[in-house]
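Please keep the structure open beside you and follow the points in order.

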Amino acid sequence: MNRVVKITGIGSYIPEKIATNESFSSHRFLNEDGSAIEAPNEVIIEKFKAITGIQERRYLEENLVNSDIAFMAAQKAIADAKINPETIDYIIVAHNYGDVKVGSVQSDTVPSLASRVKHLLQIENPRCVAYDMLFGCPGWLESVIHSNAFIQAGMAKTCLVIGSETLSRVIDAHDRDSMIYSDGAGAVILQTVDEEGGILAYETVTYTKDEAHFIYFDTSNKKEEKDNTRYIKMYGRKVYNFALTNVPLAMKSCLDKSGVDIKDIKKIFIHQANEKMDEAICQRFYKLFDMEMPEGIMPMSIGELGNSSVATIPTLLDLVYNNKMENHKVEKGDHVIFASVGAGMNINAVVYKF
């Protein structure tokens with residue numbers, strides 16, 4: 001039997017603090033040019049919910065930073081895998097904005113978050129290599145792809161892959177898009193094992209000619225602000241159209257490489273960016289095979305957890321794998337697709353067999 005790369009441990013950290021849509025009722029939302037939005041906040045919020053499917057999101061406790069929750073998720077994954085942390089060959093932490101303390105305008109990335117996680121885990125082995133992945137929202141999945149390459153090349157046997165983000169610390173309160181973002185962390189242990197399945201195929205693409213700045217950093221929509229603090233921004237319509245055009249193609253390419261029949265796919269774990277967008281992506285993916293999207297194929301957590309960037313897929317996977325999401329589960333032998341899209345603009349996909 002071939003040695004394959006499989007997930008042997010899963011863990012996540014989902015903050016307890018809930019921010020409902022109603023908590024944005026008193027915000028002063030402005031257009032990009034600083035002009036007032038004519039509609040009342042109640043209308044803005046209701047339209048937002050209809051488009052994104054988000055009713056509430058999670059925000060991190062004020063005394064914690066990103067590397068803290070990355071560590072907490074890692075602890076759970078290590079315990080689930082029942083391994084000695086000293087045997088880990090690589091620690092890869094996917095994030096985008098480092099550690100941002102409450103009230104700070106500065107992102108802290110020195111040392112790397114991966115180094116901080118290794119320190120918090122108290123791993124002494126110097127051959128446990130720790131580094132960060134900056135790849136937009138697809139960063140966690142790209143780290144999984146890196147780990148697969150390391151293991152297949154004989155450079156590693158065990159990898160810890162974490163996706164962790166605190167987007168609540170980098171949002172502009174005057175931007176409607178601020179309601180999308182949330183915080184969280186998810187982690188997996190990847191190992192080489194004597195089994196069937198595991199990672200069967202992957203696909204990664206980067207579009208930059210016209211698309212590089214669809215998601216970017218810029219100053220507040222409130223133009224009278226005196227400081228130069230910058231916040232996460234995006235051209236929502238451009239991102240939406242880009243994703244609908246290109247993500248289904250990457251998913252199809254990945255599935256074709258795997259040799260798995262589309263009818264054998266049990267679940268699609270897609271980056272929780274926007275409920276309507278994710279549904280449209282999967283519908284277009286199935287149309288490439290002249291099929292309708294099967295009911296129940298796509299578990300969704302964005303309605304309650306929001307968009308936590310690199311953390312959305314691993315936290316969703318943890319919920320489904322541990323039977324914490326109603327009407328969704330995965331079992332040994334199931335084929336699934338992981339897919340993500342985000343700043344870069346980057347897209348990736350993985351076909352995996354449990």
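1. Let's begin with a pair of rings. Phe-285 and Tyr-286 are both buried, where buried means under 20% relative accessible area, exposed over 50%, and partly exposed in between (1.4 Å probe, protein chains only). This is a predicted model, in which local features need pLDDT of at least 70 and side-chain atom pairs count only at pLDDT 80 or more, while totals for chains, interfaces and linings use all residues. Residues are numbered from 1 along each chain as its sequence is written, and side-chain values use heavy atoms, with hydrogens and water left out.

2. Across the whole structure, a search finds 13 aromatic pairs; rings of Phe, Tyr and Trp (its six-membered ring) pair if their centres lie within 6.5 Å, and planes under 30 degrees apart count as stacked, over 60 as edge-to-face and the rest as tilted. One of them is the edge-to-face pair of Phe-214 and Phe-242, with 6.3 Å centre to centre and 85° between the planes. This pair links distant parts of the chain, 28 residues apart: Phe-214 is in the loop between strand S8 (198-206) and strand S9 (215-219), and Phe-242 is in helix H5 (residues 236-258). Helices (H or I, at least four residues) and strands (E, at least two) are DSSP runs, numbered from the N terminus. Phe-214 counts as buried at 12% relative accessibility, and Phe-242 counts as buried at 6%. Phe-285 and Tyr-286 also pair edge-to-face, at 5.3 Å centre to centre and 75° between the planes.

3. Please also find the aromatic cluster, which is formed by Trp-140, Phe-269, Tyr-321, Phe-338, Tyr-352 and Phe-354. Elsewhere, Lys-238 lies over the face of Tyr-235, 5.0 Å from the ring centre, and Lys-252 lies over the face of Phe-289, at 5.2 Å from the ring centre. A charge sits over a ring if NZ of Lys or CZ of Arg is within 6 Å of the ring centre and within 35 degrees of the ring normal.

4. Now to the sheet. In what order do its strands run? The order is S1-S7-S6-S4-S5, an open sheet of 5 strands with mixed pairing; two strands pair if DSSP finds at least two bridges between them. Strand S1 (3-13) and strand S5 (129-133) stand at the edges with a single partner strand each, so one side of each has no neighbour in the sheet. On average, neighbouring strands of this sheet are turned by 20° against each other, direction ignored. Axes are lines fitted to C-alpha atoms, for helices over the stretch in contact, and angles run from 0 to 180 degrees between N-to-C directions.

5. S4 and S5 are parallel, with 5 bridges, and Ile-91 stands opposite Ala-130 in S5. S1 and S7 pair in the antiparallel sense over 10 bridges, with Val-4 opposite Val-193 in S7. S6 and S7 also run antiparallel, joined by 9 bridges; here Thr-166 stands opposite Asp-183 in S7. Since 11 of the 12 residues of S7 are buried, this strand is largely enclosed by the rest of the structure.

6. The C-alpha atoms of Ala-94 and Ala-114 are separated by 8.6 Å, and the two residues are 20 residues apart along the chain.

7. Finally, the charged pairs. The count comes to 11 salt bridges, each a side-chain nitrogen of Lys or Arg within 4 Å of a carboxyl oxygen of Asp or Glu. Asp-175 and Lys-233 meet in one of them (3.2 Å, N to O). Asp-175 lies in the loop between S6 and S7 and Lys-233 in strand S10 (residues 230-234), so the pair ties together parts that are 58 residues apart in sequence. Asp-175 counts as buried at 10% relative accessibility, and Lys-233 is buried at 4%.
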